[in-house]
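Colleague: I'd like to learn how to read helix packing from a model like this one. Can you walk me through it?

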Amino acid sequence: MRYLMLLSAANPSTPPPPELYEAIMKLGGEATQAGVLLDTAGLLPSAAGATVTLAGAQLTVTDGPFTESKELISYALYEVRSKEEAIEWASRFMDLHRELWPGWTGTTQVLQVMGS
Amino acid sequence: MADPTSPSHRATRSAIEAVWRIESPRLIAALARITGDIGAAEELAQDTLVIALEQWPVQGVPDGPGAWLMATAKHRAVDLVRRRARYERKLQEVGRDMESRQETYGEPDADALDDHIGDDLLRLIFTACHPVLSAEARTALTLRLIGGLTTHEIGRAFLVPEPTIAQRIVRAKRTIAGKKIPFEIPAPGELAGRLASVLGVIYLIFNEGYAATSGNDWIRPELCVEALRLGRVLAGLMPDQLEVLGLTALMELQASRLPARVGPGGEPVLLTGQDRRRWDRLLIRRGLAALDRAGRLDAAPGPYAVQAEIAACHARATSVEGTDWERIVALYTVLAYLTPSPVVELNRAVAVGMAHGPAQGLEVADRLANEPALARYVQLPAVRGDLLARLGRFAEASEEFTRAAALTGNERERALFRARAEECSLG
């Protein structure tokens, strides 16, 4: 079963501590070594992106930033045997933030990929 | 008191099982190093799981559940080793044991373990795939210890009753203990041969999923996924071994075709008939990347890397016609040189049939007609049938497909061959 993990958070007032980046790399390394992490990458702020909307048979292209209060930060694609296993990896990831970036708030959405 | 049937209790239980799945291979590997005994290691790991299942629903899941499991398990392992050492000393004192095994049970160095997780896992893999075990035993033990599958899951995947699998595992552990197989990574001189056994086990698991030899399903993707995971783990542990990368690349590339390999009714769809838009692009990308890493190593490609190169030819092509069949023929010639076998030769016949036409392909296939090793091999009549049909020799083709249908143990495949036999008999 494949799961897409989408991390989103409000724009933080402080930059992420460098140790967090290190810890995330380490966890990613473990998940890769366990054969479950297929792909992951960080995302630039939506100011660098755009939306393409279809409404009333009309295509509208709008440059970022998006108006949502939260920004998508990163994605990861996991191949695991159960939803609980996916949740466990997501929890470990979020736990690093709790430990290393006090006060930070965010959400990882865990979505199952269809047909997997 | 926590109610074991409550939803929150069940959720905790599922969460524990998920943690367990992630941690159990590393736990067993570390415990096997402390105790020198994979049987004891698995039991200790199971004990630890039981403790977690008892404590966590009541006391809550600890922060860092993986570390908790490891610490608890290590603690018990050290206890066991001490108990055994005491027992040995007692035995010696009463003079019943002439053969001192004191060294084996010396004071365990549990704290040194954390630096050796990767090595321990490798040791576990090499031990589970030891040539002293039968192929079936290696497969079952590998899936159990490194894959973290239950005997029930292994039995279901291989269509074998659960007690049979449990028996195989018990016997395999007994063999390892009885023959005093050391828990270690093979010495450089032995490494190539022992690694071949490990790769063979992983590919066997993959193939049983990719083209099930028996049963009602043509493919069993969960076995492919399991083998892929094992391959990825091994590739992480031995990134400089060309054949490890070769096998991983091969499995990623072959697995990329799984979504297109079955039709809507569960029927097999062969490579030439597959809708390539359904191929998994991510797996193709990963497979090509692994192959690229393999190509940059200073070593000669072995059979897995060559097969991965063949799979890559298909992965890169957008159609059957657009496939570089010449290169595939050349790669099969290399493969036949590396591992001479009638099966490889038969595959070369298929490639020759695509590159130079069915008559030439048939010429290669016909040379295998009296090959004893292929006497009951399903693909020989299947390939001949296909080449004959393309030459318009339908009556002969129909006979070949009928023979293939009789030989296969897979129901889906049988239906496919019967349909082709029927089709050919109509001309």
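Modeller: Start with handedness: α17(B) passes α18(B) in a left-handed crossing. The term means that the near helix is turned anticlockwise from the far one by less than a right angle; clockwise would be right-handed. Helices here are DSSP runs (H or I, at least four residues; strands are E, at least two), numbered from the N terminus.

Colleague: Before we go on, what should I know about the model and its numbering?

Modeller: It's a predicted model, where local features need pLDDT of at least 70 and side-chain atom pairs count only at pLDDT 80 or more, while totals for chains, interfaces and linings use all residues. Residues are numbered from 1 along each chain as its sequence is written, with chains lettered from A and ligands numbered from 1 in the order in which they are written.

Colleague: At what angle do α17(B) and α18(B) pack?

Modeller: Axes are lines fitted to C-alpha atoms, for helices over the stretch in contact, and angles run from 0 to 180 degrees between N-to-C directions. Helix α17 (residues 394–407) of chain B and helix α18 (residues 411–425) of chain B pack at about 165°, with axes 8 Å apart. That makes α17(B) roughly antiparallel to α18(B) (under 35 degrees is roughly parallel, over 145 roughly antiparallel, 65 to 115 roughly perpendicular, the rest oblique).

Colleague: And which residues make the contact?

Modeller: Two residues are in contact if their C-beta atoms, placed from the backbone, lie within 7 Å. On α17(B), they include Phe394(B), Ala397(B) and Phe401(B); on α18(B), Phe417(B), Ala421(B) and Cys424(B) are among them. An α-helix has 3.6 residues a turn, so residues three or four places apart point the same way. By class, this contact of α17(B) with α18(B) has 8 nonpolar, 3 polar and 3 charged residues. Nonpolar covers Ala, Val, Leu, Ile, Met, Phe, Trp, Tyr, Cys and Pro; charged covers Asp, Glu, Lys and Arg; the others, Gly among them, are polar.

Colleague: Let me try another pair. How do the axes of α12(B) and α13(B) cross?

Modeller: Helix α12 (residues 303–316) of chain B and helix α13 (residues 325–338) of chain B have axes that come within 10 Å and cross at roughly 165°. They are therefore roughly antiparallel to each other, and their crossing is left-handed. Val306(B), Ile310(B) and Cys313(B) are among the α12(B) residues in contact, and Leu331(B) and Leu335(B) are among those of α13(B). By class, the contact of α12(B) with α13(B) has 9 nonpolar, 1 polar and 2 charged residues.

Colleague: How do I judge burial?

Modeller: Count C-beta atoms, placed from the backbone, within 10 Å of a residue's own: 20 or more others is buried, 12 or fewer exposed, in between partly exposed. With 16 such neighbours, Leu27(A) counts as partly exposed. Leu27(A) is found in helix α1 (residues 18–33) of chain A and touches Arg92(A), Phe93(A) and Leu96(A), leaving out residues up to four places away in sequence. By contrast, α9(B) is mostly covered, with 13 of its 17 residues buried.

Colleague: What about chain B as a whole?

Modeller: Chain B has 18 helices and 0 strands, and buried residues make up 44% of its 427 residues. Its C-alpha atoms fill a box of roughly 80 × 55 × 40 Å along the principal axes.

Colleague: How many residues does each chain bring to the contact between chain A and chain B?

Modeller: Chain B gives 15 residues and chain A gives 14. On the chain B side, the largest share, 7 residues, comes from α1(B).
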